[in-house]
Amino acid sequence: MSAILSKVLQSMNIVVFHRLEDKTFQLLNSPPPWLEHFCGHQASVNEVVPVEGIFPFLDCFLEEAEEFWESKVSTPHRSGPWVDFTPHGEEIPLEAIALWEDDKPLLVLQDLGEEYYNEVVRLQGFRDGALNKESLEKEILSQTKQIRIREEEIAMKLLSAAGHRDHETAEHVRRIGLYAEVIAEALNWDKAATADIRIAAPMHDIGKIGIPDRVLLKPGKLTEEEFEEMKEHAAIGADMLSGTNIPLLNTASEIAMCHHEKWDGTGYPKGLSGKEIPESARITTIVDVYDALVHRRVYKEASSEETALKIMGQMVGKHFDPELYQVFLDNLDQIRNIKETYVEPSS
Amino acid sequence: MVQKKICLLGAFAVGKTSLVMRYVNSIFGEKYHTTVGVKIDKKQLVADGEEITLMIWDLAGQDDLTRLRTSYLRGVSGYVIVADGTRPFSLNTAINMHKEAREYTGDVPFIVAINKADLREEQWQVEEEQLKALEDDGATIILTSAKTGDGVEEMFQKLTQNMLAFDSENTSSDTERK
């Protein structure tokens with residue numbers, strides 16, 4: 001190597017070694033001062049320097065470099081940066097490069113200096129930005145959760161107002177939402193939609209608020225005319241909950257409208273059939289019937305689960321979506337847990 | 001004296017460098033300083049009555065710009081996967097990095113450090129499912145705080161003991177084969 005080139009490399013903080021046959025390293029240029037800190041003496045040109053053992057990082061890279069030299073690939077192989085410390089504690093960012101030049105395997109060590117610190121600044125900026133973004137996302141998630149809790153509270157208050165009239169209990173309302181959530185989860189609905197149905201399903205009967213007391217609270221059987229009046233609760237509820245861009249209320253509205261539709265098209269108010277009925281409403285129909293059967297009402301005693309399932313089994317394909325009913329059965333353990341957790345207050 | 005190389009892996013800003021600083025120099029700084037490339041520190045300790053020098057490789061954290069360079073794991077005797085208990089995604093990154101590391105290192109001992117445990121009361125967001133996935137894969141999970149020092153010594157000590165036990169098991173099974 002020419003003396004000029006050697007000096008140029010030295011001034012650029014670069015050391016070049018020739019990797020010899022016996023896998024030792026011969027220094028090819030005048031070394032920059034930092035090499036002395038690691039070697040313990042000022043190495044001179046053509047000296048064989050025991051590179052291994054000086055830098056722990058390099059010991060690892062040299063194994064890779066040997067594979068590279070053996071393969072004789074023309075593109076230089078870089079180690080990536082590492083930081084080493086002189087015995088005085090001075091930090092030196094280095095990089096090693098293995099390459100072939102003039103049919104010689106060479107090892108280049110470079111003090112990256114400014115270049116390294118510029119990269120640190122660039123990455124620091126990028127990562128500080130990413131951390132800020134993460135922290136904002138966390139804040140948004142936490143706020144969204146708060147909003148969701150408030151939505152649920154408002155829905156429960158509304159329902160309790162409606163419940164005052166037809167004596168539905170808070171536990172029934174909560175159970176319907178939780179059952180529906182279990183099924184939505186089993187169907188792999190996304191998280192937001194699953195959370196929506198938990199709050200929306202209990203609102204299915206909210207339209208009863210618009211039914212006159214003489215019909216709603218009539219102890220005996222309804223006349224045909226009264227029953228027609230009662231059926232209006234579906235449309236009233238849907239209307240009450242419509243007209244917003246809030247997904248939760250849109251779901252609640254479709255459930256309110258369609259929870260009396262039947263799989264075979266004999267339900268009301270529109271006589272929809274099969275998958276014309278929104279899935280949310282088909283789910284709610286199943287869980288509402290289950291909950292009504294296994295709990296006591298003023299007009300009937302509670303059925304055992306076995307009896308309830310027998311009755312429900314006969315409704316499959318007529319009243320219920322057969323596939324969804326199967327999902328309901330597959331998740332009966334969870335449904336049962338909810339039933340046992342949210343029990344009716346003893347009267 | 002026995003020398004062991006270990007690596008710290010994990011997402012960016014989970015506290016890998018802070019754990020090393022706490023363990024090696026007993027210091028902690030609040031400000032986040034990103035690591036570029038690799039920093040190597042040494043620490044001597046006694047484990048199971050044996051003097052050991054740990055060569056601790058602190059690898060740059062993983063993000064969209066920096067991926068794990070598995071060749072850094074060459075010759076490793078064990079590794080620590082570090083996650084930040086206040087950032088759930090960092091545990092997912094940890095799980096993925098562990099899988100990647102495993103392919104390269106084989107069955108060497110590893111520890112999962114869930115760092116920033118000093119924030120456990122206020123901002124902890126570790127999901128049981130994530131921990132279970134790691135435990136199912138044989139992970140020892142230790143909660144650490146580089147800030148207070150809790151769990152830090154224990155984590156390095158435990159990993160070293162596991163590495164010694166691993167060596168001894170492998171030596172005895174080699175002997176048995178002979």
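**Two chains, one interface: a walk through the model**

Let me begin in a loop of chain A, the one between helix H9 (247-258) and helix H10 (279-294), because that is where A:Pro269 is found. The peptide bond that joins A:Tyr268 to A:Pro269 is cis, with an omega of about 5 degrees. Please keep in mind, before we go further, that this is a predicted model.

Staying with chain A for a moment, I would point you to another loop, the one that runs between helix H5 (170-186) and helix H6 (191-200), where A:Asn188 lies. A:Asn188 is not a glycine, and yet its phi is positive, at about 60 degrees.

Helix H8 of chain A, which covers residues 224-241, holds both A:Glu228 and A:Lys231, and these two sit three residues apart, or about one turn of the helix. What do A:Glu228 and A:Lys231 form with each other? They form a salt bridge, in which the closest N and O atoms are 3.0 Å apart. Side chains of opposite charge can pair in this way when their charged atoms come close. Over all chains, the count of salt bridges comes to 28.

As for the overall layout of chain A, it is divided into domain 1, residues 3-111, and domain 2, residues 154-341, and the C-alpha centres of these two domains lie 75 Å apart.

Now let us turn to the place where the two chains meet. On the chain B side, 28 residues are in contact with 27 residues of chain A. The size of an interface is often given as the accessible area lost when the parts come together. Between chain B and chain A, the buried area is about 2,400 Å², and carbon and sulfur atoms give 57% of that. Which residues of chain B lose the most area to chain A? They are B:Thr34, B:Val36 and B:Arg74, and together they make up 27% of what the chain B side buries.

One of these, B:Arg74, also meets A:Glu67 through its side chain in a salt bridge, at 3.4 Å from N to O. Across the interface of the two chains there are six salt bridges, and 17 residue pairs are in polar contact. In chain B, strand E2 (38-47) and strand E3 (50-59) each supply at least two residues of the side that touches chain A, and E2 of chain B gives the most, with three residues. Sorted by class, that side of chain B has 11 nonpolar, 10 polar and seven charged residues.

Finally, strand E2 of chain B also pairs with a strand of the other chain, namely strand E5 of chain A (residues 82-85), in the parallel sense and over two bridges. Which residue of E2 in chain B is the bridge partner of A:Trp82? The partner is B:Val38.

Key. Residues numbered from 1 in each chain as written. Chains lettered and ligands numbered in written order. Predicted model: local features only at pLDDT ≥ 70, side-chain atom pairs only at ≥ 80, totals over all residues. Heavy atoms only, no water. Contact = heavy atoms within 4.5 Å. Buried area = accessible area lost by both parts, 1.4 Å probe. Salt bridge = Lys/Arg side-chain N within 4 Å of Asp/Glu carboxyl O. Polar contact = N/O pair within 3.5 Å; in protein donor to acceptor, adjacent residues only side chain to side chain. Helix = DSSP H or I, 4+ residues; strand = E, 2+ residues; numbered from the N terminus. Nonpolar A, V, L, I, M, F, W, Y, C, P; charged D, E, K, R; others polar. Pairing = 2+ DSSP bridges. Domains from an automatic or database assignment.
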